Amino acid sequence: MLQALDIHKKFGSLGVLKGVSLQVEKGEVIAIIGPSGSGKSTLLRCLNHLETIDKGTIAVQGEFMAQAGPDGIAFYSPEKDIAAIRHKMGMVFQNFNLFPHKSVLENLVMAPMLVKQTDRLQAENSARELLKKVGLSEKADNYPFELSGGQQQRVAIARALAMDPEIMCFDEPTSALDPELTGEVLQVMKDLAQEHMTMVVVTHEIGFAREVANRVLFMDEGLVVEEGSAEDVIVNPRQERTRAFLSKVLMAR
């Protein structure tokens with residue numbers, strides 16, 4: 001479904017990703033955990049072409065976004081092909097990124113109408129179904145500033161789903177929320193997982209990762225230090241660095 005091989009990324013002289021590989025099968029939920037600055041969010045942004053990679057290969061459903069040349073340096077497919085690949089991937093950010101001057105409904109219908117040429121009636125009907133799915137049917141005519149952070153994030157999830165993606169990517173979707181609002185967003189994500197939506201989730205919610213993820217990746221200093229089932233990585237980690245991180249995170253809760 002999604003394949004990333006030997007991904008390298010630098011910002012100036014700083015190596016942020018140092019040979020990261022990731023393979024995601026259809027219907028899998030992959031949780032990526034690790035300390036701040038470990039490269040988790042950068043990896044997700046590279047998968048969505050929000051950042052470009054220096055070396056490595058990225059492919060979605062067998063279609064290459066970027067390929068490693070003979071020297072390992074990545075070269076990208078034409079923009080038209082990349083755009084088609086990106087349409088298969090939904091992205092949910094930390095800070096919602098809703099259009100503040102548009103109603104909730106307008107936030108959901110814009111991309112299908114502009115990008116997929118969906119007619120307005122169909123786009124609106126689909127948007128209302130998605131708002132019902134995330135428990136916000138009554139908020140269609142509200143504006144983002146009238147919603148709580150948790151409600152805004154649920155709208156952001158519905159907006160990503162409006163493009164009918166094959167893969168949903170979440171970049172620490174609850175990190176900007178108060179603890180009491182986190183649960184409502186995680187519940188929507190749990191529901192998607194139960195529907196076998198393919199998901200890649202960068203998260204600091206260790207309990208969510210343990211409960212929902214098929215596989216967990218622990219990243220540190222631009223590398224995947226440990227990978228395996230949630231039971232293996234979170235409950236019985238093999239690597240000392242993983243154990244130290246989990247001990248610190250779980251002790252703080």
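The sulfur of cysteine 169 lies 12 Å from the closest cysteine sulfur, that of cysteine 46, which is too far for a bond. The structure is a predicted model, in which local features need pLDDT of at least 70 and side-chain atom pairs count only at pLDDT 80 or more, whereas totals for chains, interfaces and linings use all residues. Residues are numbered from 1 along each chain as its sequence is written, and side-chain values use heavy atoms, with hydrogens and water left out.

**Cysteines**

- With a disulfide defined as a pair of cysteine sulfur atoms within 2.5 Å, the count comes to zero disulfides.
- Cysteine 169 is buried, at a relative accessible area of 0%; buried means under 20% relative accessible area, exposed over 50%, and partly exposed in between, for a 1.4 Å probe and protein chains only.
- Cysteine 46 likewise counts as buried, at 0% relative accessibility.

**Nonpolar cores**

- A nonpolar core is a set of buried Ala, Val, Leu, Ile, Met, Phe, Trp, Tyr and Cys residues joined through side-chain atoms within 4.5 Å.
- The largest such core has 51 residues, and those with the most contacts inside it are Ile157, Met168, Phe170, Met189, Met199 and Val216.
- Helix α6 (residues 179-194) contributes the largest share of this core, seven residues; helices (H or I, at least four residues) and strands (E, at least two) are DSSP runs numbered from the N terminus.
- Another core, of 30 residues, lies apart from it and includes Ala4, Val20, Ile85 and Leu217.
- Methionine 168 is in contact (heavy atoms within 4.5 Å) with Gly90, Val92, Ile157, Ala160, Leu161, Met197, Thr198, Met199 and Val200, leaving aside neighbours within four places in sequence.

**Sheet and packed helices**

- Five strands form an open antiparallel sheet in the order β2-β1-β4-β5-β6, where two strands pair if DSSP finds at least two bridges between them.
- β2 (14-24) and β6 (74-76) stand at the edges with a single partner strand each, so one side of each has no neighbour in the sheet.
- From one strand to the next, the twist averages 20°.
- Strands β1 (residues 2-11) and β4 (residues 55-60) run antiparallel and are joined by five bridges; leucine 5 has threonine 57 in β4 as its bridge partner.
- Helix α1 (residues 40-47) packs on the sheet, touching β1, β2, β4 and β5 (63-68), and its direction makes about 65° with that of β2; axes are lines fitted to C-alpha atoms, for helices over the stretch in contact, and angles run from 0 to 180 degrees between N-to-C directions.
- Helix α2 (residues 79-86) also packs on the sheet, where it touches β4, β5 and β6, with its direction at about 120° to that of β5.

**Leucine 108**

- Leucine 108 is found in helix α3 (residues 104-115) and is buried, with a relative accessible area of 1%.
- Not counting residues up to four places away in sequence, leucine 108 touches Ala127, Leu130, Leu131, Val155, Ala158, Arg159 and Ala162.
- A distance of 21 Å separates the C-alpha atoms of leucine 108 and leucine 177, which are 69 residues apart along the chain.

**Arginine 154**

- Arginine 154 has its place in helix α5 (residues 149-161) and is buried, with a relative accessible area of 10%.
- Its side chain reaches the backbone oxygen of valine 134 at 2.9 Å.
- Leaving aside neighbours within four places in sequence, arginine 154 is in contact with Val134, Gly135, Leu136, Glu184, Val185 and Val188.

Methods: A polar contact is a pair of N or O atoms within 3.5 Å; within protein, one must be able to donate a hydrogen and the other to accept it, and residues adjacent in sequence count only if both atoms are side-chain atoms.
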